[in-house]
Amino acid sequence: MIDKKELEKIKKERINWEKNCYDSLIKNKPEQKEKFENLSSNEIKKLYTPEDISNIDYLKDIGFPGKYPFLRGVHATMYRGRLWTMRQFAGFGSAEETNKRYKYLLDHGETGLSVAFDYPTLYGYDTDHPLSRGEFGKCGVAVSSLKDMEILFSDIPIDKVTTSMTINGPAAIVWAFYIANAENRGISKDIIGGTIQNDILKEYIAQKSYIFPPEPSMRLIVDTFEYGSKHVPRWNTISISGYHIREAGSTAVQELAFTLGDGVEYVKWALERGLDIDKFAPRLSFFFNSHNDFFEEIAKYRAARRIWAKEMKKLGAKKPRSMLMRFHTQTAGCSLTAQQPEINIVRVALQGLAAVLGGTQSLHTNSMDEALALPSEKAVRIALRTQQIIAEESGVTNTVDPLGGSYFIEWLTDEMEEQTYKYWDRVEKLGGVLPAIEKGFYQREIAQASYKYQKEIDEKIRTVVGVNEYKLDEEPDIPILKMDEKGEERQIKRLENLRKNRNNQKVERNLEKLKKAAEGDENMMPYILDCVHSYATLGETCQILRNVFGEYEEPVIY
Amino acid sequence: MNRKIRVLVAKPGLDGHDRGAKVVARALRDAGMEVIYTGLHQTADMIVEAAIQEDVDVVGLSLLSGAHMTLFVDVAVLLKKKGMDDVLIIGGGIIPDEDVPKLKKEGISAVFGPGTPCEDIVSYIKKNVK
């Protein structure tokens, strides 16, 4: 905290400066806008000084990296010790095609894998299910059974490379595919590392690939926490995600508030089960968006770490490891333009830089062509090179939290924290996270924010380069990824063969046991593992749970 | 004719990206149209049934998963089969340029990609509704 006398002096000088310097300047030449706002529509002042952060106690509120409240970073050395993991989200077509892409990415310096699944997989349907029509491999790779998982990771050292899997509704089953594949390859569960997204709350709120109603979904998630902390200790059993909330149109503050609120909700459910917070909390991880407003994003990450540390302490965590928030970042897909796609490279570079200055643990940089289709090989290579330039050439990795202490950044960090707590109060008044979902609170907040943003673009209150300003008469053509058209046929054939050649009696027995477990209150993970080991498919296993738990239907709000 | 233009905004298939569909639904409503939004995860049958029940003039399809060549076409074919030839069908989402002529041939009159101002969609509907 700054000395009172000193503060008075600064205030006096600031008022002087405003009167003698600033006011006379804008009298002659007004500023470009009457009001300057960031992307969340918060007003930003012309200048920040020690006055704006005079209430901050450095040791208590900011502190040191690797120490509570972790505002400046989760490690003492940050990128001086080890760079972030460069992890490009990838998946398309068949397991064979995606396996090739993973090898290509690893060959070009990627340091972790990240699986995008197609829609049928995300909803727990096999490729040959009627609702899978037209969707095979379109938005990611199709994985209908352990067989597909074996192909997806063939010749990839899963004992060394960590893998993140964006899967939620059927996360426990797909995770079981991964574990079973490792076991079959003679790699022990204790050494495989990675993440399953497994965050169902944000599915109801934003991404909408839910299957079961909230209560059984939460039970499944806590099952994975419990199983993971005992048997797969290097696995992050959840990635509590703001990314999709933001992509659905929220502001940065909403992303922060809703995501951390979800995080606290998961912890409460696990505590209710009787799990030891210091056993499961170290494996909770987070996932944020990095959008266009550079400083707002940086402040968001910093605020997120401090809020999480404080809340975990309140919830009874004792180990520092349980209080530190590790997170992955992906640049904002929704900020990319279909117009002049090459300029997306520049957007991504700025967004990636914000994530690094905010202290991310891993990063996906989007490819320039993602407003048109899934990324081509060239586009994804440039995206990866973008992070490599940030890491190797820009010099931003030389010191920890280089923006710490900036009057503006520290003020904005505090401001976003305060707004987060205000949102939490509103959710609390609605009865908590689940009632707020059922009442459509989040969905309405997000829909309003996204409509407002679109209107501001339509009315040119906000500029989007290449879209409402600086347009070209003729848009450039860029090559689009082509997929193997035979992939779907091959996949369906593979499923047919699998169902013919496996021990079907064993499959039936295992599915029956899973049904019993689901009807009772045992941890379902061991039963799911038995099912997938006997080559029960994703659809078959999920159908058992659908029968027991039912399916969720959302309230429609726009 | 004083009847308001009636629009069904629909999300076919499993795709959960609904930001665009909701923004467009609201913009059309603000432009004075009667808007019915189906919600997510609709089959072609469900969409066509809703179009008939609600007696709409326009069906707007939104899809970002890449399955548009199958699912948009399914809806167009089924609408025709049910005698709804006079319904204006439009689409939006992540749709590569080269697919647009093929979709038009199948009866999807216009495709609006990312970055389209809502006003363009409103004026297109007003001009082309049958």
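1. L61(B) has G91(B) as its bridge partner in strand 4 of chain B. Six bridges join strand 3 (residues 58–63) to strand 4 (residues 88–93) of chain B, and the two run parallel. Strands here are DSSP E runs of at least two residues, helices H or I runs of at least four, numbered from the N terminus. Pairing takes at least two DSSP bridges.

2. This is a predicted model: local features need pLDDT of at least 70, side-chain atom pairs count only at pLDDT 80 or more, and totals for chains, interfaces and linings use all residues. Residues are numbered from 1 along each chain as its sequence is written, with chains lettered from A and ligands numbered from 1 in the order in which they are written.

3. The chain B sheet is open, with five strands in the order 2-1-3-4-5 and parallel pairing. Strand 2 (34–37) and strand 5 (110–112) are its edges, each pairing on one side only.

4. Helix 3 (residues 68–81) of chain B packs on the sheet and touches strand 3 and strand 4 of chain B. Contact means C-beta atoms, placed from the backbone, within 7 Å.

5. V75(B) touches P12(B), A44(B), I47(B), V48(B), V59(B) and L61(B), leaving aside residues up to four places away in sequence.

6. Chain A is divided into domain 1 (4–58), domain 2 (63–458) and domain 3 (492–549). The bounds come from an automatic or database domain assignment. The C-alpha centres of domain 1 and domain 3 of chain A lie 63 Å apart.

Note on methods. Two residues are in contact if their C-beta atoms, placed from the backbone, lie within 7 Å. Axes are lines fitted to C-alpha atoms, for helices over the stretch in contact, and angles run from 0 to 180 degrees between N-to-C directions.
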